[in-house]
Amino acid sequence: MLGHIARRLGHQMSNGLKGMNLPHVLTKETHRHLQSPFDTICPVSMMSLWPFSGKPQDFSQPNSSWSPEMVRLYEHYNALCDAENENGEKKRGPWRKLPSYDRTIKYATGGVHLSKLVQAKARLFTRCIEEEGAAFEYVAFLNKVEKTCVCVFQAGHLLEGAPGHLHGGAIATMIDTVTGTLAGYLSGPVMTAYLNTNYRSPVPLGSVLLIHCALDRIEGKKIFVNCKVTSSDESKLHTEAAALFVSINIGPLFGTQS
Ligand SMILES: CCCCCCCCCC(=O)SCCNC(=O)CCNC(=O)[C@H](O)C(C)(C)COP(=O)(O)OP(=O)(O)OC[C@H]1O[C@@H](n2cnc3c(N)ncnc32)[C@H](O)[C@@H]1OP(=O)(O)O
């Protein structure tokens, strides 16, 4: 049954989601929940498909490991998600909090390369360490009007590189994740073609950082995104990056098309 759903999703995704009858594979609740960040640019909602009957855990909710600064910034951006109209009524603002799951598409097979065991155990890299606060604690917000994304990131103690400081690979991972999320939101399924990273100043372990990403331009299949990583008060620049994402046919991720 699951294989059937995977094959069907893979086939339909590779042909685009237009006309796809999702209710067969998504419960109403899950569908509503997952659609929310993307509902104005519909085809991109394929990035959030979760063909499960249960509601997945959103790992970008506050937990007890979050520092007061992390919580403050979360609340700041969360407040921007609501706006008031001229009558003082609440309406949606330009910002959306993006949910974050430990697997984007549960039944992606990785084509012929992924064994059933790996397939079952696969997890999103940034959500694979279960201890709260030990590694990547983050929450991302998307501004659909400005085509920007900001992520509040708290770097845990398992991410050490130089003694007492955050590993450059962990920084690049977060930049890839946030720029990729923005590119995916704007263009549907993408893969990173390049990620040019310039480390300007070291990040003390445990810091809370802001990762600001913005769309540069889209040229056909190519989505160019720039990124700055700063201290939480934005006074210090830690890292700059430029990334290219290329739109992909998602079929091979399901093993349905080469
Ligand atoms: C919700 C959770 C969200 C989490 C987000 C996480 C994001 C993480 C994303 C990743 O980390 S993906 C993993 C790392 N990336 C890879 O493994 C990608 C490996 N490379 C590939 O699969 C292909 O090379 C790639 C898809 C990037 C491009 O192959 P294609 O065959 O689709 O592209 P093609 O060769 O047709 O080129 C399309 C355009 O892109 C250009 N291009 C491709 N690769 C390039 C490159 N590396 N540098 C510069 N330009 C490049 C290419 O020149 C061309 O430009 P033009 O259209 O102007 O002719």
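Two strands are taken as paired if DSSP finds at least two bridges between them. In this predicted model, S7 and strand S8 (residues 222-231) meet that criterion, pairing in the antiparallel sense over ten bridges. Within this pairing, isoleucine 211 has valine 229 of S8 as its bridge partner. The hairpin formed by S7 and S8 has two residues between the strands, and glycine 220 there takes a positive phi near 60 degrees.

Strand S7 (residues 208-219) also pairs with strand S5 (residues 148-155), in the antiparallel sense and over seven bridges. Here valine 208 in S7 is the bridge partner of glutamine 154, and cysteine 151 stands opposite isoleucine 211.

These strands belong to an open sheet of seven strands with antiparallel pairing, in the order S3-S4-S5-S7-S8-S9-S6. Strand S3 (95-98) and S6 stand at the edges; each has a single partner strand, so one side of each is left without a neighbour in the sheet. From one strand to the next, the twist averages 20 degrees.

Two helices pack on the sheet. Helix H3 (residues 68-79) touches S3, strand S4 (136-143), S5 and S7, and its direction makes about 165 degrees with that of S5. H5 touches S3, S4, S5, S6, S7, S8 and S9, with its direction at about 135 degrees to that of S6.

Helix H5 (168-187) also contributes to the ligand shell: this helix, strand S6 (190-199) and strand S9 (237-247) each supply at least two residues. The shell comprises seven nonpolar, six polar and three charged residues. Of the 16 residues around the ligand, Gly180, Met191, Thr192, Ala193 and Val246 come nearest.

Methods: Residues numbered from 1 in each chain as written. Predicted model: local features only at pLDDT ≥ 70, side-chain atom pairs only at ≥ 80, totals over all residues. Near = placed C-beta within 6 Å. Helix = DSSP H or I, 4+ residues; strand = E, 2+ residues; numbered from the N terminus. Nonpolar A, V, L, I, M, F, W, Y, C, P; charged D, E, K, R; others polar. Axes fitted to C-alpha atoms, helices over the stretch in contact; angles between N-to-C directions. Contact = placed C-beta atoms within 7 Å.
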